[in-house]
Amino acid sequence: MSAKDCGHHDEERRKLHRRLFAALLGFVILILFIILLIFLILRPTKPHFILQDATIYSFNISSPNFLTTNFQITLASRNPNDKIGIYYDKLDVYATYRGQQITLPTLIPQTYQGHKDFTIWSPFVYGNSVPIAPYLTESLNQDQMAGTVLINVKVDGSVRWKVGTFVSGKYHLNVNCPAYVGVGGKMIGNSIAVGSAMKYQLVQNCHVDV
């Protein structure tokens, strides 16, 4: 076989490889396009969150500017989609007061939520002698004198959408649940005493960003 024939066969092999690669690439693109099309047609709706209640065990200020808190919340989530499931990969729950975080984040275990399904979590959130800004100490003292405090229970994490066997990439989830709670044992709204703690029935809709 001449060098010319060898070169011709090499060129044919290269053309065949290019065609196979192009066909495989086209197939992959087609599959991804179909998945994306289905995903867009179904239009996943972000989950709904409700802060149902909060049980306050402690909410104390100490000198000079430290805050100790300990409470349990009941947080409900609903998947409004009838054909899309939701994976909650990582959810950190914590509380803030006027923009400053006042508790440690509490990690909620990974959860899968089926179509139109409800999930309820009841984590404890707490902070021990958390330093706060001096101006917040003054505001907290005023709130304690009034007997009510506005706190924000927040959820920070990531979710994935599940359509059939397809699972999307991760999307950032941010949930904000404002809630007025009593301090110093004050009863407000639908509140009940639970031993030395006070439980506040809130049923507060939360703002959700995905």
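Trainee: Which strands are included in what covers the buried residues of α2?

Mentor: Buried means under 20% relative accessible area and exposed over 50%, with partly exposed in between, using a 1.4 Å probe and protein chains only. Contact means heavy atoms within 4.5 Å, and helices (H or I, at least four residues) and strands (E, at least two) are DSSP runs numbered from the N terminus. In this predicted model, the cover over the buried residues of α2 includes β1, β2, β3 (85-97), β4 (100-101) and β9 (148-163).

Trainee: Before going on, what should I know about the model and its numbering?

Mentor: Residues are numbered from 1 along each chain as its sequence is written, and side-chain values use heavy atoms, with hydrogens and water left out. The model is predicted, so local features need pLDDT of at least 70 and side-chain atom pairs count only at pLDDT 80 or more, while totals for chains, interfaces and linings use all residues.

Trainee: Which residues of α2 are buried, and which are exposed?

Mentor: An α-helix has 3.6 residues a turn, so residues three or four places apart point the same way. In α2 the buried residues are Leu136, Thr137, Ser139, Leu140 and Asp143. Seen down the axis of α2, these buried residues fall within an arc of 165°, so they line one face of the helix; the arc is that of the directions from the helix axis to the C-beta atoms. On the other side of α2, Pro134, Tyr135, Glu138 and Met145 are exposed.

Trainee: How many residues does α2 have, and what distance does it reach?

Mentor: The expected span of a helix is 1.5 Å times one less than its number of residues. Helix α2 covers residues 134-146, has 13 residues and reaches 19 Å from its first C-alpha to its last, close to the 18 Å expected.

Trainee: What comes just after α2?

Mentor: Just after α2, Gly147 takes a positive phi of about 90°, and this residue lies in the loop between α2 and β9. Gly147 is buried, with a relative accessible area of 5%. Leaving aside neighbours within four places in sequence, Gly147 is in contact with Val181, Gly182, Val183 and Lys186. The C-alpha atoms of Gly147 and Val183 are separated by 5.3 Å, although the two are 36 residues apart along the chain.

Trainee: Which strands are joined to β1 by bridges?

Mentor: Two strands pair if DSSP finds at least two bridges between them. Strand β1 (residues 48-62) runs antiparallel to β2 (residues 66-78), with 13 bridges joining them, and a hairpin of three residues links β1 to β2. Within this pair, Leu51 has Leu75 in β2 as its bridge partner. Strand β1 is also joined by six bridges to β13 (residues 197-205), again antiparallel, where Ala54 stands opposite Tyr200 in β13.

Trainee: Is the protein as a whole spread out or compact?

Mentor: The protein has two helices and 14 strands. Its radius of gyration is 27 Å, well over the 17 Å that the globule rule gives for 210 residues, so the protein is more spread out than a compact globule; the radius is taken over C-alpha atoms, and the rule is 2.2 Å times the number of residues to the power 0.38. Along the principal axes, the C-alpha atoms fill a box of roughly 100 × 40 × 25 Å.
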